[in-house]
Amino acid sequence: MAESKSKKESLLPVASQWEFETLVETLDERFFGIYISEGFSVGQARQALTASLVLKKQFNDAVQTNQFDKFFLNWYGQCAIDDQEDQSSVKKAILQLLQTEPPRKDLLERNEDENTNKPPAKRHRDLQTWEVTRQKYTVKTPAEVPPPELAEETTPPPFVAPKGWLDDFRKEVLVQFNREESENPRVYPVAVVRCSRGGKTRALHELARSLSRVEHINAAIIYVSFNGQTQLSPEEKLHPLEAVCRRIMYTATTGKPNQSDFDSFAKSTAFRENDVNDWLGTSKCILLIDELNLIESTMDAEFATFLKKTFLMPPGRGLVFSSHVVSINDTLTNCMRSPSDREVRIQKLPIAQDLVAARKMLSYPTLSPHLALYLGLIPSLYYTSMQNRLPRSRKQTAIQAYLKEGLTPEKVESLLLSLLTGCYTLVPSMFLEFMDNTVIDNKVTALWIPFHMAPIFFRLSMETSLPLNLRGCLKAIHDHFENFGEHKIQSGDGWESLFIVTLLTRCVTNSFCDLVSLPLLSYQQVAWNSPFDSGANFGCETVNDFVSGIPLRNSANSISIYYPSHAKFEVYDVILACWDLNMQRQLFGYQLKEGNKVPKASPMGNLFKQSFLIRGQPTNKDSIIRGWTIPSDDSLDTFFGVSAVNWSPKCWAALLRDNV
């Protein structure tokens, strides 16, 4: 122990002389894991790692406290170094390096590996500059840049939004445009935030056209995107300032963007902030950036300061951007390093609750309240659903990234728990773009969109590394999400499916409440429709016959949820069985009614410990009527949690009421 302590004490004085950037510049490619395997050069890998503010902070903390474990864990995660032997080798080599004096910076720069990419400032002189570009291309003035066009194969559908929404959006942008920067008030960026395929790009296009029609502002409307026809390359992601400057300059030289044309332009050009400022001159301008979230991980002070000094501080300028995630707001404003807080104003994107208008505008007569809620009330998803053009590729990429990090039951349970709590930190970063990221009670909240989440759980249900029972529950969650979207109002099936999704989630995550008042505080195993005696008939009509198939004794500390398949099954719609530490069975029954009626049939108290009547039109107080425990409106809201409460019968009843 004494020898170990001596080693630590001798390491600290030398390690504290190192800077994070110097460490990264000193290491070779064996330390960079996934970056090298995915085709990054050593220089690109170094740029990606030095851009990680989290990793840098953890390194600085480590050299001060001499506690490196957290730093190494995050290094392995950032570089996707999964093999324990590789991890040990990396850790040993870095610790040995930190016991030596750091190299001089001038020697590092002079001996830079020829295979590495030079930093942007050096590369800029090697590529085509703005002076060369002006000779090669016909360059528009800022005022001559036309509004963006949607890259659609067919005529784009009508823009679906409540009356006045676009006017309000434009007014908020113009408030910032006309405001003079001071300590108070600041000029704020304006953002639209929503899930993938949520209509962000369309909203920015509509805003651009709306602003271009406002004659008195006399401002250039410049639209750039990190997606679509000007997609961000891995190399560009490492240099966000250069990437945004290149796109601004590209709008000055071209009309409708073309992916092939832009790729050629991007490979041969490099621009800096002075090029943009020279081109803009004193012109009034509003910059619109689509999918700013794509550079969140590499965003730095240089990039954010450029946006602040060019599009927020000068009079007659403005900044609007879109993002999948709310976290980009803090990242941007923190990187701006303002003397005082500079918030981002969020403009909520429209939802389409007027189904009559949406059906008419989109020629979608079969759009039902269930389907609308399944699609998150998002107009763009209505349209792509109707066209059968719902894209899966981004979701598949996100799932692969999630699986690559290592799948465990605990990780799946954390993801499921976010359905109930909306806790943003429970959601893996790659899945945040498929949720409705919003702010509730000053907290960032992740709300599920069934259309996006159902296929994720279907894919996870096929992972053989998970326990078989958990896979069955995940498959059932997927199936009942799908059933919810497909069934008609008043069929009862949609109500049952929504309840089953939530009940499964509560049991798998051990998140019990009054509607799931089980004897134990936690259970180790949850199963769907099993175990069931092969000698019994799962498709029977009577409760006694069905219950005879549920074992009296089973694995201790376990739960099973059953959904009898007979269309006229008596008394109950859903049955929950649990077995205590002594493997003794207890039964709980649930009957679901979309309305407010109490069934004529009495609960079977001789078999069931408790019987619940779950009504879609509940009263204000919990009650017990004819042996049925009937939860109140508040109790049901608690049961469903922050996401599913938005899909309950009172929500689709409101849609029906508003669309008579």
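This is a guided tour of a predicted model, stop by stop.

**Before you start**

Residue numbers run from 1 along each chain as its sequence is written. In this predicted model, local features need pLDDT of at least 70 and side-chain atom pairs count only at pLDDT 80 or more, while totals for chains, interfaces and linings use all residues, and side-chain values use heavy atoms, with hydrogens and water left out.

**Whole chain**

Select the protein chain. It holds 29 helices and 14 strands. These are DSSP runs numbered from the N terminus: helices are H or I of at least four residues, strands E of at least two. Of its 660 residues, 51% count as buried. Buried means under 20% relative accessible area, exposed over 50%, and partly exposed in between, with a 1.4 Å probe and protein chains only. The accessible surface comes to about 30,700 Å², and 48% of that belongs to carbon and sulfur atoms. Areas come from the Shrake-Rupley method with a 1.4 Å probe; for residues, only the protein chains shown count as cover. Now look at contacts, meaning heavy atoms within 4.5 Å. Among those between residues at least 6 apart in sequence, 69% join residues at least 24 apart.

**The cores**

Next, select Y382, F431, L503, V516, L576 and Y590. Within the largest nonpolar core, of 87 residues, these touch the most other members. Helix 26 supplies the largest share of this core, 9 residues. A nonpolar core is a set of buried Ala, Val, Leu, Ile, Met, Phe, Trp, Tyr and Cys residues joined through side-chain atoms within 4.5 Å. A second, separate core has 44 residues, including V145, A220, C245 and L319.

Zoom in on V516. Leaving out residues up to four places away in sequence, V516 touches L503, R506, C507, L576, Y590 and F639.

**Helix 28**

Select residues 633-644. The helix has 12 residues, but its end C-alpha atoms are only 14 Å apart, short of the 16 Å that a straight helix would reach. The expected span is 1.5 Å times one less than the number of residues.

**Helix 14**

Move to residues 240-251. Helix 14 also has 12 residues and reaches 17 Å from first C-alpha to last, close to the expected 16 Å. Helix 14 is largely enclosed by the rest of the structure, because 12 of its 12 residues are buried. Among them are E242, C245, R246, R247 and Y250.

**A208**

Which helix holds A208? A208 lies in helix 12, residues 200-212. Its relative accessible area is 0%, so A208 is buried. Apart from neighbours within four places in sequence, A208 is in contact with P148, I221 and L288.

**Backbone stops**

Most residues other than glycine have a negative phi, and most peptide bonds are trans.

- P531 is in the loop between strand 8 (525-528) and helix 27.
- N557: phi is positive, about 65°, although the residue is not a glycine. N557 sits in the loop between helix 27 (543-547) and strand 9 (558-562). N557 counts as buried because its relative accessibility is 8%. Beyond residues up to four places away in sequence, N557 touches L520, S522, Y523, Q524, Q525, W579, D580 and L581.
- V571: phi is near 70°, again positive in a residue other than glycine. V571 is in the loop between strand 9 and strand 10 (574-579). With a relative accessible area of 15%, V571 is buried.

**Last stop: the surface**

Select I346, V439 and V444. They form a nonpolar surface patch with about 200 Å² of accessible area together. Patches take residues with over 30% relative accessible area and no salt bridge; like charges are joined within 9 Å, nonpolar side chains (Val, Leu, Ile, Met, Phe, Trp, Tyr) within 5 Å. A salt bridge puts a side-chain nitrogen of Lys or Arg within 4 Å of a carboxyl oxygen of Asp or Glu. Is I346 buried, partly exposed or exposed? I346 counts as partly exposed, because its relative accessibility is 38%. I346 lies in strand 5, residues 345-346.
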